[in-house]
Amino acid sequence: MSELLRDAPKNWGKWGDDDEVGALNYLTPAEVLRGVAHVRSGTVFTLQRLINDPKGDPCWPGRTPAERTMIVDESTWDGDDAPAFPGGLHYADDKINAFLQGSTQYDALGHVWYDGTIWNGHDARTTVGGLDIASVEPIAERGVVGRGVLLDIARFRGKEHLDNGETFTHEDLEACAKAQGHTIEPHDVLLIRTNFLKLFFDRGEEFYQDFVEPGLTYSPELVRWFADREIPNLVTDTMANEVTYEPATGIALPLHCALMRNLGVTLTEICDLEKLAASCAEDGQYTFLYAAAPLKVHRAAGSPVNPLAIK
Ligand code: UVW
């Protein structure tokens, strides 16, 4: 990784040595208003995948779906030890045991690193036992609001979904935007649709055989494009927002390092963009207000989120 990214641009220090939200700093109040200007009909789309979907929860190999356990329900009052509230109130309570990156999620900037150094040049030992620096907490505290653009790469390529290991570049994103009738502007939150996870629901366990997700693929030009466009947040419907192994070198997830660790671009993964994409295809409006706030979890490397797109 260090060899591949030796000359790659970095935004370290740009927002001060203590900064923990990186390129989200581009999303100023003026950017919120720029996003609001794209609200036309007031139609709201929620982009989170269902946790505990009866059809299954897609998650990165090595992670497992959330387990939800019922703690209190009407059957609690079948026994003698049930809580007794004046007036006879009954209630339901449940809990989940979940990977914080096991469903639709924001990654903290300290989520990935190489060479023993995380975002903004901090020692990777600051992650031991919990992220002391660049956890998801500051992202959750500030929220993420701006102009969102949907780049429907699957539709642009005339496909129902992208295939295993299929790649695309920043030039494809530009071409896709042009075909959709708009441009990608500085500070846009990019939402990229591949519909790849359709295969998870179609194929079941077979989905994980020869697992190589499709996605953006590393090049110095692509990283420079993200830096120059000052992109704050990359949001996709895949588990890792980039092709799993960079085809030229076989290196796993180099864009996590080039974009997140080096430029401070926040990654948002496993979104469900299907209803939003259908609407955009129908009315031709691919720009909207994007708003999201992950859960505030102390020292966490990521956290679940239900982002909104409002057209
Ligand atoms: C990994 O870090 C492996 O994945 P993600 O960014 O999807 O959480």
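Asn195 sits in the loop that links β9 (189–193) to α5 (198–203). Keep in mind that this is a predicted model.

- Most residues other than glycine have a negative phi.
- Asn195 has a relative accessibility of 10%, so it counts as buried, the cut-off being under 20%.
- Ile270 isn't a glycine either, yet its phi is positive at about 60°.
- You'll find Ile270 in the loop between β12 (266–269) and α8 (274–283).
- Ile270 counts as buried because its relative accessibility is 1%, again with a cut-off of under 20%.

**Around the ligand**

- The residues surrounding the ligand are Trp60, Arg63, Gln101, Gln105, Asp107, His111, Met239, Ala240, Leu253, His256 and Glu269.
- Sorted by class, that shell holds four nonpolar, four polar and three charged residues.

**Polar contacts and burial**

- His256 places a polar side-chain atom 2.5 Å from an oxygen atom of the ligand.
- For Arg63, a polar side-chain atom is 3.0 Å from a ligand oxygen atom.
- Gln105 has a polar side-chain atom 3.1 Å from an oxygen atom of the ligand.
- On its own the ligand would expose 260 Å², and the protein buries 90% of that.

Key:
Residues are numbered from 1 along each chain as its sequence is written. This is a predicted model: local features need pLDDT of at least 70, side-chain atom pairs count only at pLDDT 80 or more; totals for chains, interfaces and linings use all residues. Side-chain values use heavy atoms; hydrogens and water are left out. Helices (H or I, at least four residues) and strands (E, at least two) are DSSP runs, numbered from the N terminus. Buried means under 20% relative accessible area, exposed over 50%, partly exposed in between (1.4 Å probe, protein chains only). A residue is near a molecule or strand if one of its heavy atoms lies within 4 Å of it. A polar contact is a pair of N or O atoms within 3.5 Å; within protein, one must be able to donate a hydrogen and the other to accept it, and residues adjacent in sequence count only if both atoms are side-chain atoms. Accessible areas come from the Shrake-Rupley method with a 1.4 Å probe; for residues, only the protein chains shown count as cover. Ala, Val, Leu, Ile, Met, Phe, Trp, Tyr, Cys and Pro count as nonpolar, Asp, Glu, Lys and Arg as charged, and the others, Gly among them, as polar.
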